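Dear colleague,

I am passing on the structure we spoke about, and it is placed directly below. My notes follow it, and I would be glad if you read them with the model open.

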Amino acid sequence: MFGFVHLYNGQEAVSTGFIKLLKKEDCVVSTYRDHVHALSKGVPARAVMSELFGKATGCCRGQGGSMHMFSKEHNLLGGFAFIGEGIPVATGAAFTSKYRREVLKEADCDHVAVAFFGDGTCNNGQFFGCLNMAALWKLPIVFVVENNLWAIGMSHLRATSDPEIYKKGPAFGMPGVHVDGMDVLKVREVASEAITRARRGEGPTLVECETYRFRGHSLADPDELRNPAEKAHYAARDPITALKKYMIENSLSSEAELKAIEKKIDEEVEEAVEFAEASPVPPRSQLLENVFADPKGFGIGPDGRYRCEDPKFTEGTAHV
């Protein structure tokens, strides 16, 4: 795909390590690299691919595109394009869980919220404000920093006074943990402890997953600012390749079994692409849905087209 599609290659261990430990009722808030988070949370590949294609069969009916995946059914509360924008949403979801349990007396409500965001977000006011609120009220939330070392073309080391983000957790009275974000088993171990802690009512955790994006910021980025040696170093630590090697060396799976899984994945992706290509584009009547409370009050007809009231046109005729 071309344009402003923000790929997740290299960071897969973070999404898998955290989200696969969650229950369906738990909430996930993402960034503009949200399509893998959506898949991990259970959104069907067809619905994700169709949304990438901007088709009506997508999880947001083609209105969200690559950066704004959402699924009420799977409690994926959205991908957010502006940095820090999703953190207050995740904090609100965590507050809802605590309110339902403690005020509405829903004893079985132990839902957890997980907020994913990048290293560039950690110099943003919403990050600090929400960490403070979550710690103050002991909200059931895990703040997950996907530190891929680059905020578009800005090196993380040149952008913050203290590059060790996890240390900001204890400043607000919550644990701060650093983990190798290229190792899915290590991520899962840390995630399990943080999620369990939140579910027990012991409050939030800040987890810094040090990872790396293998492609440019988006597919529109020529990626000329990063050192080729740096990219080669991290490419050799591909989390998927590393897990495959671990599984074979520890006799957890055979080469043939893994190839069968890869074949199944290729088939599922191809089927999703074919489904997306064959799906209809959103109808014109959908254009102003979720924009105005009363579209007709703005001169918009029921078909989504602007109705011109110039007398030289026939009365009631719709014109684009």
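**Backbone, pockets and packing**

Leu-149 lies in the loop between strand 4 (141-147) and strand 5, where helices (H or I, at least four residues) and strands (E, at least two) are DSSP runs numbered from the N terminus. This is a predicted model, in which local features need pLDDT of at least 70 and side-chain atom pairs count only at pLDDT 80 or more, while totals for chains, interfaces and linings use all residues. Residues are numbered from 1 along each chain as its sequence is written, and side-chain values use heavy atoms, with hydrogens and water left out.

The phi of Leu-149 is near 75°, a positive value in a residue other than glycine. Most residues other than glycine have a negative phi. Leu-149 counts as buried because its relative accessibility is 17%; buried means under 20% relative accessible area, exposed over 50%, and partly exposed in between, with a 1.4 Å probe and protein chains only. Ile-152, in the loop between strand 5 and strand 6 (154-155), also has a positive phi, near 55°.

As to the protein as a whole, its secondary structure comes to nine helices and eight strands. Its radius of gyration of 22 Å agrees with the value near 20 Å that a compact globule of 320 residues would have; the radius is taken over C-alpha atoms, and the globule rule is 2.2 Å times the number of residues to the power 0.38. Along the principal axes, the C-alpha atoms fill a box of roughly 75 × 50 × 40 Å. Of the 320 residues, 42% count as buried. Among contacts (heavy atoms within 4.5 Å) between residues at least 6 apart in sequence, 69% join residues at least 24 apart.

The pockets deserve a careful look. A pocket here is an open set of points on a 1 Å grid over the protein atoms alone, where a 1.4 Å probe fits, with protein on both sides within 12 Å along at least five of seven lines, and lining residues have an atom within 4 Å of a point. Grid points are joined across faces, edges and corners, and a volume is the space filled by probe spheres set on the points.

The largest pocket has a volume of about 1,600 Å³. It is lined by 38 residues, and those closest to its centre are Glu-12, Val-36, Leu-39, Ile-240 and Ile-265. Helix 1 (12-19), helix 2 (35-40), helix 3 (45-52), helix 8 (239-249) and helix 9 (255-278) are the elements that give two or more residues to this lining, and the largest share, nine residues, comes from helix 9. By class, the lining has 25 nonpolar, five polar and eight charged residues, with Ala, Val, Leu, Ile, Met, Phe, Trp, Tyr, Cys and Pro taken as nonpolar, Asp, Glu, Lys and Arg as charged, and the others, Gly among them, as polar.

The second largest pocket has a volume of about 310 Å³, and of the 28 residues that line it, Thr-31, Tyr-32, Phe-117, Gly-118 and Thr-121 lie nearest its centre. Strand 1 (27-30), strand 3 (113-118) and strand 5 (150-151) each supply at least two lining residues, and strand 3 gives the most, with four. The classes here are 13 nonpolar, 10 polar and five charged residues.

Helix 9 has 24 residues and reaches 35 Å from its first C-alpha to its last, close to the 34 Å expected at 1.5 Å a residue, the expected span being 1.5 Å times one less than the number of residues. Its buried residues are Leu-258, Ala-272, Val-273 and Ala-276, and what covers them includes helix 3 and helix 8. Helix 3 is mostly covered, with seven of its eight residues buried, and these buried residues pack against helix 2 and helix 9.

In helix 2 lies His-37, which is buried, with a relative accessible area of 0%. Leaving aside residues up to four places away in sequence, His-37 touches Tyr-8, Ser-15, Ile-19, Ser-30, Phe-116 and Glu-146. By contrast, Glu-193, in helix 6 (residues 184-199), counts as exposed at 61% relative accessibility.

With best regards
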